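Dear colleague,

I am handing over the structure we spoke about, and my notes on it come after it. Please look through the model first and then read on.

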Amino acid sequence: MVVRTLRPRLVGERIRGVETSGLPLRAPINRKALERACVGARVDAVRRIGKYWLVDLSSHYVLLGHLGMTGRLVFADEDAPRAPHTHAIFQLRKGLELRYVDPRRFGVLRSYTAEEAPTSPELSVLGVDPLERDFTVDYLAAALQKSKRDLKAFLMDQSRVAGLGNIYVCEALWRAELSPKRRSDRAVKRAAALHDAIVGVLRDGIENRGTSFSDYVDAEGVAGGNQHALAVYGREKAACRRCGAALRRIVQAGRSTFFCARCQK
DNA sequence: AAACTCCCCTGATCGC
DNA sequence: TGCGATCAGGGGAGTT
C-alpha cells in the first residue's frame, strides 16, 4: 500500500539532500551512507519485497526501509511543520520533502548498492512474497510439510512467506477456515485454500488502502479503510460472520490471535 | 529446528 | 483527575 502511493509521486524525483534526527531506529541511521546513496540521484523505481520497501536510485544504490509498527512515509511542503518523531527527511524538488515518521522507532532505513541489496541481512532471509508469481500452491504445500509449528507461527515467519503480519495472518486463517493452532504439516491438504486466502486478504488490504488504526494515513494523507473489512482481528467476543459463534482471543508466541473456534479447524 | 523470554520504544487506554 | 499496568500493526538476540 505504501509503495503504491509512493511510486507515482516519487519516481522521477531527484533527491537533493537528506536530514536525520540522530535517534536510532532498530539500528542507527547512517546519514553519511544515505547521503552517498541519495544526494544528486534520481528515483528510478519503487518496489516492495515482503514488508520492506525499496527505492532504486540512478546512483546505483538502493534505499531499503521497513515501517515497523508505527512508521509512516509522508510527502510534505518543506515549510510545513514536522510531525513529532520525524527521523529522516529526503529533500526532493524545490519545496517538496519525503519524511519518515516513526514514534516507536522499530523501523529500518538504510542503503545498499544494487548488488548488495538482495544478499543483505534484511532481504536474504525472506521467503516468497505472496503477490509474486512464485508463490504457488505447491510452494506453500512444500513449506507447510516441512514445518511442525502451528499455522500462526508459520505464517508470521517471514522466511517462509514474506509480508504477512499479525492482522493478515489472523484474517487469512479465518478465510481458509483453518485453526491457528493446527500444525503446519497437518494442513498440507488445505494448502490451496490457505494460498487463496493469503492472496485474497492482501489484495483486499491494498484495495482498501491499507489497514488504519487511530490516525494512520498513507503518503497521500489518506486514511486506509481496511480495518472495517476485518473479520476477526480485534473482534474478541463479537459474532463470527460465518457461523455466529463468539470469536476468541488467545496468545501465541506472545502475540494476540483472533479466531473462530467453531468454524476454524 | 523450534519454542521460550526479554528487549527495543512511544502512546493510547483501562482499572483503580 | 492522576497514575501505574497493559497492550499495540514487528523483529532480533539469547537461552533452552
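Below I describe the sheet and its helices, then one arginine, and finally the surroundings of the DNA.

This is a predicted model, in which local features need pLDDT of at least 70 and side-chain atom pairs count only at pLDDT 80 or more, whereas totals for chains, interfaces and linings use all residues. Residues are numbered from 1 along each chain as its sequence is written, chains are lettered from A and ligands numbered from 1 in the order in which they are written, and side-chain values use heavy atoms, with hydrogens and water left out.

An open sheet is built from four strands in the order S1-S6-S7-S5, with antiparallel pairing; strands here are DSSP E runs of at least two residues and helices H or I runs of at least four, numbered from the N terminus, and two strands pair if DSSP finds at least two bridges between them. At the edges lie strand S1 (17–20) and strand S5 (72–77), each of which pairs on one side only. Between S1 and strand S6 (residues 86–91), which run antiparallel, there are four bridges, and Glu-19 stands opposite Ile-89 in S6. Helix H1 (residues 2–10) packs on this sheet, where it touches S5 and strand S7 (96–101), and its direction makes about 30° with that of S5; contact means heavy atoms within 4.5 Å, and angles, from 0 to 180 degrees, are taken between N-to-C directions of lines fitted to C-alpha atoms, for helices over the stretch in contact. Helix H2 (residues 31–38) also packs on the sheet, touching S1 and S6, with its direction at about 160° to that of S1.

Arg-99 belongs to strand S7, and it counts as buried because its relative accessibility is 3%, the limit for buried being under 20% (1.4 Å probe, protein chains only). Its side chain makes a polar contact of 2.9 Å with the side chain of Glu-97, that is, a pair of N or O atoms within 3.5 Å, one able to donate a hydrogen and the other to accept it.

DNA strand B is surrounded by residues including His-85, Phe-106, Ser-147 and Arg-160, where near means a heavy atom within 4 Å. Sugar and phosphate account for 69% of the atoms of DNA strand B that come within 4 Å of the protein.

Terms used:
Buried means under 20% relative accessible area, exposed over 50%, partly exposed in between (1.4 Å probe, protein chains only).
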